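This report concerns the contacts between parts of a protein model. Please consult the sequence and the coordinates alongside the text.

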Amino acid sequence: MKRRTLLASGAGAATMAMLGLPARAQEKTKVGFVFVGPIGDGGWTFEHNNGRLAVEAAFGDAVETVYAENVPEGPDAERVMTQMALGGADLIFTTSFGYMEPTLNVAAKFPNVKFEHATGYMRADNVSTYSARFYEGRAVQGHIAGNLTKSNKIGYIGSFPIPEVIRGINSAFIHARKVNPDVEFKIVWAFTWFDPAKEADAAKVLIEQGCDVVLQHTDSTAPQAAAQAAGNVYTFGQASDMGEYAPMPRVSSIIDNWAPYYVERTKAVMDGTWTSVDTWDGIGRGMVGIGEISDAVPADVKASAEALRDSIASGAYHPFTGPLNKQDGSAWLADGEVADDGTLAGLGFYVEGIEGDIPS
Amino acid sequence: MDFSSINPILLLASLMVAATPIILAAAGELIVERAGVLNLGVEGMMITGAITGFIATVTTGSPWIGFAAAAVGGAGLSLLFGFLTQFLLSNQVATGLALTLFGLGLSALLGQGYNGIKAPEFPKIDIPVISDIPVLGPILCSHDPMVYVGLGLIAGIWYFLKYSRAGLVLRAVGENHEAAHALGYHVIRIRILAIMFGGACAGLGGAYISLVRVPQWTDGMTAGAGWIALAIVVFASWRPWRLLIGAYLFGGVTVLQLNLQAAGIAIPVEYLAMSPYIATILVLVLMSAGRAPGSLGKIFHASR
């Protein structure tokens, strides 16, 4: 319904423009996207691009989208954003943590352009931030992984030691330990979001060292392929469903669903109601999806994992609920206490039981 | 904190696998540079080889045909570079960089619809008897054939440059193209052949990543391996066996640092990750910029 009225008003505006009448909205709204990987990565950037396509589908001729792939995090990103802003973009989504400072710098130069930075924590009058509570999905993964592992060694491929990734490791670990007290995590930092060869190497190393479940926080499907070659290793889809590796090795996944948010924010720019906000949605509002749990998972584990998912979605259960200690043994959350969003947003430590140091 | 979880045999075996794409691409670039041409498009040719090899393998079901197609794809793209630099006399550095960008775009275009498809498996050769030898067997003799192709290529290039007449001519063209021209050698033809050889080798290296090491197709999957290959050629000061050492060093450090991390050993990975680059700089300083071929990167035209 909404879409139809929108299209109708778009058509009306076009007619008015043709008649030479003064019309406000005859110009297309231009939406830019800055991507850290290629849109064909099958993971993170792939899903952001799906969000872009959803914006096009929702508004049709009323919007024009532009995007840049493989933009390195750093000064080059600033150049790309500046170019988009100069090119007439009204709204620019910058979709990686490392774009935080470039986004703020460029936003300061273009006060009339709206910016949306994914997974960051710094805002300005024309810069919003948005992220998804991936750690909710990680809790479900940890629950399944703790049940599935026979060697009690779970491998984890980290990208960069930033709060988002550390939250994921902690959340997965807490819930794996809950169902399997003997479980230990082997964490490898790849220091990249996307490098299939390196990700495959990392997965192989973890498998060689005895891990029979491998979790990844990098964007390509290479670890899935490595696990498949090994035969008896379980993995989870990251950012996208990666369903082509189901039912084995991929037993479930975290799916990022940005489409509703992108459509909503583009609409806000069109209506002139856009304001700077901080959005952090999870399973409950559909920004994080849990991919189909495959038949490789025993039925009782699948049922308990789905129950966990539903209790998180309804808000009945928070993945960071005390009692929890920090890695050094000091108290973090008391019994029944729930972590507040501020602490979670800047999380920089492991919980008790995880071995190893977070690289600086 | 325990080293015991690292299996040195598996470590050395995976080192050989990790080094192979770099060996293949760097070996080709070595010949190109010895002929006096600087082709910075290695990354572009690798990724083109990766996708053409992947498409051919998925279509025909045979990894061997895939590797052949990868060599053809890489050589085809390098021919573009050859035409621009040798006949239209364009700047080699700029053309090479453009070739990389073009190759990345072209491969993403060709790869539409191949994301997430699995390639048929490339069987490993288990050499009977020898592969049963403890320690050495699993390290040296349980790999896929391309690992041996890479080693053979290095040996072949070494022999070619050192002992064959054609190798001598190629080196002459690279050292001083005007003198070689005066002696009656066809500089441009030799260089075009060298560029095509380099493209074919880069294509094989790319296909090794998409068919064996990962194995699947994702956009931009070579992720900088071509640039490392270029650095290794300089590191090796344009000599084949040193190139092998350089590639094993890079491959070894990559695999070792992942192993150390997984074993929970607290060596800052940044130091390990930068060590091959430091080694390259050291080698360059010690050898005072190596012995680059005399005509490297210079444009040749018979009229001058």
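The sections below treat the basis of the model, the domains of chain A, and the interface of chain B with chain A.

## Basis of the model

The model is predicted: local features need pLDDT of at least 70, side-chain atom pairs count only at pLDDT 80 or more, and totals for chains, interfaces and linings use all residues. Residues are numbered from 1 along each chain as its sequence is written, chains are lettered from A and ligands numbered from 1 in the order in which they are written, and side-chain values use heavy atoms, with hydrogens and water left out.

## Domains of chain A

Chain A comprises domain 1 (2-132 + 257-281) and domain 2 (134-256 + 288-345), with bounds from an automatic or database domain assignment. The centres of these two domains, taken over C-alpha atoms, are 31 Å apart. In contact (heavy atoms within 4.5 Å) are 18 residues of domain 1 and 21 residues of domain 2 of chain A.

The two domains of chain A bury about 1500 Å² between them, and carbon and sulfur atoms give 64% of this area. Buried area here is the accessible area (1.4 Å probe) that two parts lose on being put together, summed over both. Of the area that domain 1 buries against domain 2, 36% is supplied by A:Trp44, A:Ala132 and A:Trp280, more than any other three residues.

## Interface of chain B and chain A

Chain B contributes 29 residues to the contact and chain A contributes 31 residues. The area buried between the chains is about 2400 Å², with 52% from carbon and sulfur atoms. B:Arg213, B:Leu258 and B:Ala262 supply 22% of the area that chain B buries against chain A, more than any other three residues.

The rule finds 1 salt bridge across this interface. B:Arg213 forms a salt bridge with A:Asp201, in which the closest N and O atoms are 2.3 Å apart.

Technical notes
Salt bridge = Lys/Arg side-chain N within 4 Å of Asp/Glu carboxyl O.
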